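Hello,

Here is the structure I promised to pass on to you. Have a look at it first, and then read on for my notes.

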Amino acid sequence: MPARCVRCASELAPTLLACPACGALVHGAELKELAAAATAATGAGDVTAALTAWRRALDLLPAQTRQHGEIASRVQALSRAIDAPAPATSPHAPSAHASSASAPSAHPTATVSKRGWKLGGGAAGAALLGLLGKGKLLLFGLTKLTTLGSMALAFGLYLTLWSWKFALGFVASIYVHEMGHVFALRRYGIAATAPMFIPGLGALVRLKQHPATVAEDANVGLAGPIWGLGAALAAFAVGLAGGGAIWTAIAQAAGLLNLFNLMPLGPLDGGRAFNALSRPQRYLMSMALIAAWLLTRNGVVLLVFFVALGRTFGAHAPEKPNWKIAVEYLVLVAALTYLAALPVPAAR
Ligand SMILES: [Zn+2]
Ligand SMILES: [Zn+2]
């Protein structure tokens, strides 16, 4: 049975967001619920839950409406509140924008107190709880059939090339990289798929909603290599502790793959990061890359350098620098080049 407008009873095509006859919102009831959920979440200091609800509301509103514009700017303000370091989240900048709208909006002070409990409280139990939460999320992707199936295919391919231990470690490091993206996306309340492996190429997470700001996109982009670096360092540590050459080989391969993803090109993680960097910052990144090449003579880092130099003098760059992204990128270049340049043990 076709859906009908609640106000004028006109028949509605399934993709319509507003009634063509009377202009009534098709998802009015759900939108009201989402607004109530977002307001409650904001009141409780849960910025991520508020963002999740507002982004879902954006999907249900026609793009040219006044409400759509209002909610879009609210999403941007909340996203900035998530990025801002705890002390800077004082009641000025981000909330001023959002609270102009009718519904009660961002309460950054609540965010501060929540973070204060997690970090400033210093209780080991709180830190442990946070870690457990991440661990649970790390397993979440494994409950999806697409992830498991494609993961098995990728494992099968790498198995024909290398030993099963190496294939397993390499696939696990790719999985951790992708879950870094998933974690960052969840933090911003952006709907996305579970990781999907592409045998021979890596894996990807598809977004169902657009990031609201360049900084948000850059943070989601670098979250992959940051988690990937964590996985590579863990393998490296096991190798150092006497786990055997296979662990060093896994650390080296994971380092190389994550380094490649720092290439500032199109949809690659490095491309998202560079969109948030000013021109002088891009120049600085290029200099760091060429220094990393001079120290290691690693071919991948040289390739990333040339692309970075192209982005420095190429198309438009933001005037405002983003130092969080710049520092993260520099640390990633240094650590990943080091791992990628490790002497490769013969047996894989
Ligand atoms: Zn109607
Ligand atoms: Zn990635």
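With 19 C-beta neighbours inside 10 Å, Leu12 counts as partly exposed; buried needs 20 or more other C-beta atoms within 10 Å, exposed means 12 or fewer, partly exposed lies in between, and C-beta atoms are placed from the backbone. Leu12 and Val26 are 14 residues apart in sequence, with 8.4 Å between their C-alpha atoms.

A word on conventions. This is a predicted model, in which local features need pLDDT of at least 70 and side-chain atom pairs count only at pLDDT 80 or more, while totals for chains, interfaces and linings use all residues. Residues are numbered from 1 along each chain as its sequence is written, and chains are lettered from A and ligands numbered from 1 in the order in which they are written.

Overall, the protein has 14 helices and four strands, and 40% of its 348 residues count as buried.

Two of the helices are well enclosed. In H8 (residues 164-187), 17 of the 24 residues are buried, so the helix is largely enclosed by the rest of the structure. Gly189, with a positive phi near 70°, follows H8. In H10 (residues 245-260), 14 of the 16 residues are buried, so this helix too is largely enclosed by the rest of the structure.

Now the core. The largest nonpolar core has 83 residues, and Phe170, Ile250, Ala254, Leu289, Val304 and Tyr329 touch the most other members. Such a core is a set of buried Ala, Val, Leu, Ile, Met, Phe, Trp, Tyr and Cys residues joined through C-beta atoms within 7 Å. Helix H9 (residues 214-243) gives the most to this core, with 12 residues.

Apart from neighbours within four places in sequence, Leu289 is in contact (C-beta atoms, placed from the backbone, within 7 Å) with Val301, Val304, Phe305, Ala308 and Val333. Leu289 is also among the H12 residues that meet H14, where the partners include Tyr329 and Val333. The axes of H12 (residues 279-296) and H14 (residues 323-340) come within 10 Å and cross at roughly 10°, so the two helices are roughly parallel, a term for angles under 35 degrees.

Best wishes

Key
Expected span 1.5 Å × (residues − 1). Contact = placed C-beta atoms within 7 Å. Axes fitted to C-alpha atoms, helices over the stretch in contact; angles between N-to-C directions. Parallel < 35°, antiparallel > 145°, perpendicular 65-115°, else oblique.
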